[in-house]
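Please read it alongside the sequence and the structure shown here.

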Amino acid sequence: MAFQRVNGIVLHYSLERRGPGPTLVFANSLGTDFRIWDLLLAELGERYTVLRYDKRGHGLSEATPPPYVMDDHVDDLKALIDHLELRDPLVVGLSIGGMIAQRLAHRHPGLARGLILMDTAHRIGTDELWNQRIAAVEADGIAAIADGILARWFTAAYRRPENPDFVGYSNMLLRTPREGYLGSSAALRDADYSVDVAGLGLPVLCVVGDKDGSTPPELVRSTAALIPAAEFIVVENTGHLPCIEQPKVTAALVERFADKVFGTTARP
């Protein structure tokens with residue numbers, strides 16, 4: 001485990017220097033920690049430097065009092081990248097991680113070489129949706145909304161009590177720090193990057209699961225349509241977390257796009 005105080009808080013992260021190739025930075029979704037990338041990384045080639053981290057209020061990172069704004073998360077990630085002296089990363093952001101990636105690229109042009117926006121959008125949900133979710137968690141905790149979230153995260157075939165992985169990821173959601181979930185929900189409520197993404201001047205790949213109930217394919221497609229020359233790909237037989245349900249397919253997409261962005265050669 002590695003910890004670092006940046007931007008006034010302690011972040012938990014993992015930095016793996018696997019080989020001499022490009023740097024990949026992974027930012028995960030609301031209610032998860034960086035272990036959601038484990039299966040994908042097991043399928044990924046060994047050429048990359050890989051940074052994963054628990055965003056503010058998630059996993060083992062420090063949880064500051066809510067509410068948060070998206071720029072809190074952006075400033076945290078920028079400070080961590082600077083501290084670790086990472087250059088020209090490809091940023092892979094899932095859900096809120098994708099919104100962090102969008103805002104990072106908008107505020108710091110030239111920092112990232114490219115973006116993979118996975119199961120995310122320029123605007124996720126409505127004020128009413130997020131206010132209701134915040135009120136429910138404030139009153140009764142994350143358990144009060146967990147079943148609905150898990151139904152949007154995973155396909156019915158995966159979402160079975162006898163599936164030990166599903167039970168494990170359910171526990172990950174339920175054990176998310178309350179302050180972090182509330183704070184990041186407020187950040188999502190208040191973020192709209194429909195204007196920001198139109199000015200992105202770097203390669204972008206938008207990826208979505210065909211059965212994603214949180215950011216459905218048409219929503220992600222609408223984001224890709226706002227971004228100049230963005231690619232759009234649907235991953236079959238997965239919900240909101242293709243890195244978990246379809247890690248091999250998703251890893252291949254990451255590698256292929258990294259090869260395109262950095263001009264490297266795919267492994268045999």
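A disulfide is a pair of cysteine sulfur atoms within 2.5 Å. The sulfur of Cys243 has its closest cysteine sulfur in Cys206 at 16 Å, which is too far for a bond. The model discussed here is a predicted one.

**Cysteines**

- The search of the whole structure finds 0 disulfides.
- Cys206 counts as buried because its relative accessibility is 1%, and the cut-off for buried is under 20%.
- Cys243 also counts as buried, at 0% relative accessibility.

**Salt bridges**

- Side chains of opposite charge can pair when their charged atoms come close.
- The structure holds 21 salt bridges.
- One of them joins Glu62 to Arg5, with 3.9 Å between the closest N and O atoms. This pair links distant parts of the chain, since Glu62 sits in the loop between β4 and α2 while Arg5 belongs to strand β1 (residues 2-6), 57 residues apart.
- Within this pair, Glu62 is partly exposed, with a relative accessible area of 33%, whereas Arg5 counts as exposed at 53% relative accessibility.
- A salt bridge also forms between the side chains of Asp33 and Arg35, at 2.7 Å from N to O. Asp33 counts as buried at 8% relative accessibility, whereas Arg35 is partly exposed, with a relative accessible area of 45%.
- Asp259 and Arg47 meet through their side chains in a salt bridge of 3.2 Å, N to O. The two residues are 212 residues apart and link distant parts of the chain: Asp259 is in helix α10 (residues 247-262), and Arg47 is in the loop between α1 (38-43) and β4. Both Asp259 and Arg47 are buried.
- One network, joined by salt bridges that share partners, includes Glu16, Arg18, Asp38, Glu46 and Arg52.

**Nonpolar surface patch**

- Met1, Phe3 and Leu60 make a nonpolar surface patch of about 370 Å².
- Of these residues, Leu60 is placed in the loop between β4 (49-53) and α2 (70-83).
- Leu60 counts as partly exposed, at 47% relative accessibility.

**Largest pocket**

- The volume of the largest pocket is about 270 Å³.
- Its lining consists of 18 residues, and those nearest the centre of the pocket are Ile124, Trp130, Arg133, Arg152 and Ser214.
- Two or more residues of this lining come from each of the elements α4 (127-140), α5 (146-153) and α7 (178-189).

**Backbone geometry in loops**

- A cis peptide bond runs from Pro66 to Pro67, with omega near 0 degrees. Pro67 lies in the loop between β4 and α2.
- Ala229 is not a glycine, yet it has a positive phi of about 65 degrees. Its place is the loop between α8 (217-226) and β8 (231-235).
- With a relative accessibility of 76%, Ala229 counts as exposed, because the cut-off for exposed is over 50%.
- Asn237 likewise has a positive phi, of about 60 degrees, although it is not a glycine. This residue lies in the loop between β8 and α9 (242-245).

- Leu202 and Val261 are 59 residues apart in sequence, while their C-alpha atoms are 9.2 Å apart in space.
- Leu202 is found in the loop between α7 and β7 (204-209).
- With a relative accessible area of 13%, Leu202 is buried.

Technical notes
Residues numbered from 1 in each chain as written. Predicted model: local features only at pLDDT ≥ 70, side-chain atom pairs only at ≥ 80, totals over all residues. Heavy atoms only, no water. Buried < 20%, exposed > 50% of the residue type's maximum accessible area, 1.4 Å probe, protein only. Patch = residues over 30% accessible without salt bridge, like charges linked within 9 Å, V, L, I, M, F, W, Y side chains within 5 Å. Areas by Shrake-Rupley, 256 points an atom, 1.4 Å probe, with all protein chains shown as cover. Salt bridge = Lys/Arg side-chain N within 4 Å of Asp/Glu carboxyl O. Helix = DSSP H or I, 4+ residues; strand = E, 2+ residues; numbered from the N terminus. 1 Å grid on protein atoms, 1.4 Å probe; cavity = no way out; pocket = protein on both sides within 12 Å on 5 of 7 lines; lining within 4 Å. Points joined across faces, edges and corners; volume = space filled by probe spheres on them.
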